[in-house]
Amino acid sequence: HFSEEDYSKIDFWLRLFGLEKLKEQDYMHLSGGEQRLVLLARAFVKDPRLLILDEPFHGLDDTNRSRCKQIIEAFCEHKGKTMIMVSHYQEDFPSCMTNHLKLEKHS
């Protein structure tokens, strides 16, 4: 069971990700992009010290990609937060990233 505070946090993150209208929807009936947003919101609800994101923008339209990138940027500004992010696209990485590791295929 969730406390009133838990529900308040959940509602906050749903609004931030633009998902409040989907609150009562079954996850399996959401589009792929909506499911991705729900999973991202879920990752932020617990206010983790370490956040690991694997291709977080995959399947998102430009509007939601931009929204999520702004949320990630804000997360990184908080003291004591660490994020590991995997992406095939350089433009996906937020400006708050301080270290990069590029894996390349060698023959």
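Glu55 is buried (under 20% relative accessible area, with exposed meaning over 50% and partly exposed in between, for a 1.4 Å probe and protein chains only), yet Glu55 has no salt bridge. A salt bridge here is a side-chain nitrogen of Lys or Arg within 4 Å of a carboxyl oxygen of Asp or Glu. The nearest side chain of opposite charge is Arg36, 7.2 Å away; Lys and Arg count as positive and Asp and Glu as negative, while His and the chain ends are not counted. Glu55 is found in the loop between β1 and α3. Leaving aside neighbours within four places in sequence, Glu55 is in contact with Arg36, Val86, Ser87 and His88, contact meaning heavy atoms within 4.5 Å.

This is a predicted model, in which local features need pLDDT of at least 70 and side-chain atom pairs count only at pLDDT 80 or more, whereas totals for chains, interfaces and linings use all residues. Residues are numbered from 1 along each chain as its sequence is written, and side-chain values use heavy atoms, with hydrogens and water left out.

Side chains of opposite charge can pair when their charged atoms come close.

| Salt bridge | Closest N and O atoms |
|---|---|
| Lys23 with Asp11 | 2.7 Å |
| Lys81 with Asp47 | 2.8 Å |
| Lys102 with Glu104 | 3.9 Å |

The salt bridge of Lys23 with Asp11 links distant parts of the chain: Asp11 belongs to helix α1 (4-16) and Lys23 to the loop between α1 and α2 (32-45), twelve residues apart. Helices (H or I, at least four residues) and strands (E, at least two) are DSSP runs, numbered from the N terminus. Lys23 is partly exposed, with a relative accessible area of 42%, and Asp11 is also partly exposed, at 24%.

Lys81 forms a salt bridge with Asp47. Because Lys81 lies in the loop between α3 (62-77) and β2 (82-86) and Asp47 in the loop between α2 and β1 (50-54), this pair ties together parts that are 34 residues apart in sequence. In the pair of Lys102 with Glu104, Lys102 counts as exposed, at 67% relative accessibility.

Helix α2 has 14 residues, which should span 20 Å at 1.5 Å a residue, and its end C-alpha atoms are 20 Å apart, in agreement. The expected span is 1.5 Å times one less than the number of residues. In α2, Gly33, Gln35, Leu37, Leu40, Ala41 and Phe44 are buried, and the buried residues of this helix pack against α1, β1 and α3.
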